[in-house]
Amino acid sequence: MLTKNKPKIISILTFKEVNIPNKTRIFCSFNCTLFKYFSNRAWIIYRVKVELIYFNFLYSMLPELRENLNKEGLYEFLNIYPNISRMLERIAEIEKQTNHDIKAIEIALREHYDACNVGDSKYKEYIHFGLT
């Protein structure tokens with residue numbers, strides 16, 4: 001039976017406060033550790049990672065991209081993780097306007113593509129190409 005003095009935690013699945021019985025207290029630290037893998041932030045980071053890995057794959061497979069993209073700009077574009085916090089903030093801003101998380105990631109990556117001077121803007125159409 002749950003009592004009022006039991007510790008509370010926010011459920012990572014429902015984001016509601018729940019009581020934790022004594023038996024499950026040891027799992028609290030385990031769940032909090034997993035939160036970095038099973039949170040909305042983590043999902044967006046992994047989605048960005050998938051988009052970048054796929055763009056890099058297309059670059060390696062399509063001669064048109066290999067011949068026309070700036071290698072230094074491409075390296076900067078693909079190496080987004082040092083500035084991932086700034087990217088996540090921008091994705092959140094775009095998502096508020098579009099109400100669509102994947103489209104927000106796509107738009108933010110296209111902006112990042114332009115900022116990194118990767119190449120002609122017609123090639124940024126390959127971002128998210130075939131991933132729907």
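Aspartate 114 and lysine 124 form a salt bridge, and their closest N and O atoms lie 2.6 Å apart. This pair links distant parts of the chain: aspartate 114 sits in helix α6, lysine 124 in the segment after α6, and 10 residues separate them. Aspartate 114 has a relative accessible area of 41%, so it is partly exposed. Lysine 124, with a relative accessibility of 16%, counts as buried.

Arginine 110 counts as buried, because its relative accessibility is 17% and the cut-off for buried is under 20%. Glutamate 125 is at 45% relative accessibility and therefore counts as partly exposed.

Glutamate 93 forms a salt bridge with arginine 90, and the closest N and O atoms are 3.0 Å apart. How far apart are glutamate 93 and arginine 90 in helix α5? They are 3 residues apart, which means that about one helical turn separates them. As a general point, an α-helix has 3.6 residues a turn, so residues three or four places apart point the same way. Glutamate 93 counts as partly exposed, with 42% relative accessibility, and arginine 90 counts as partly exposed as well, at 28%. In total, the count comes to 7 salt bridges.

Let us stay with helix α5, which covers residues 84–98. Which residues of α5 are buried? They are Ile84, Met87, Leu88, Ile91 and Ile94. Seen down the axis of α5, these buried residues fall within an arc of 130°, so they line one face of the helix. The face turned away from that buried side carries exposed residues, namely Arg86, Glu89, Lys96 and Gln97. What covers the buried residues of α5? The cover includes α2, residues 40–61, and α6, residues 101–115. After α5 comes asparagine 99, whose phi is positive, near 55°.

Leaving aside residues up to four places away in sequence, alanine 42 touches Lys36 and Tyr37.

Next, the protein as a whole. It has 6 helices and 2 strands. From the N terminus on, the elements run β-β-α-α-α-α-α-α. Of the 132 residues, 33% are buried. The accessible surface comes to about 9200 Å², and carbon and sulfur atoms account for 57% of that surface. Among the contacts with a separation of 6 or more, 50% are between residues 24 or more positions apart.

Finally, confidence. The mean pLDDT of the protein is 80, and 74% of the residues reach 70 or more. Where is confidence lowest, and where is it highest? The lowest value belongs to strand β1, residues 8–10, with a mean of 46, and the highest to α6, at 94. Two stretches call for caution. Over residues 6–18 pLDDT stays under 50, and the model has 25 contacts beyond four places in sequence for them. Over residues 22–26 pLDDT again stays under 50, with 4 such contacts in the model. In general, where pLDDT is low, the predicted coordinates should not be read in detail.

Key:
Residues numbered from 1 in each chain as written. Predicted model: local features only at pLDDT ≥ 70, side-chain atom pairs only at ≥ 80, totals over all residues. Heavy atoms only, no water. Helix = DSSP H or I, 4+ residues; strand = E, 2+ residues; numbered from the N terminus. Expected span 1.5 Å × (residues − 1). Buried < 20%, exposed > 50% of the residue type's maximum accessible area, 1.4 Å probe, protein only. Arc of directions from axis to C-beta. Contact = heavy atoms within 4.5 Å. pLDDT = per-residue confidence, 0-100. Areas by Shrake-Rupley, 256 points an atom, 1.4 Å probe, with all protein chains shown as cover. Salt bridge = Lys/Arg side-chain N within 4 Å of Asp/Glu carboxyl O.
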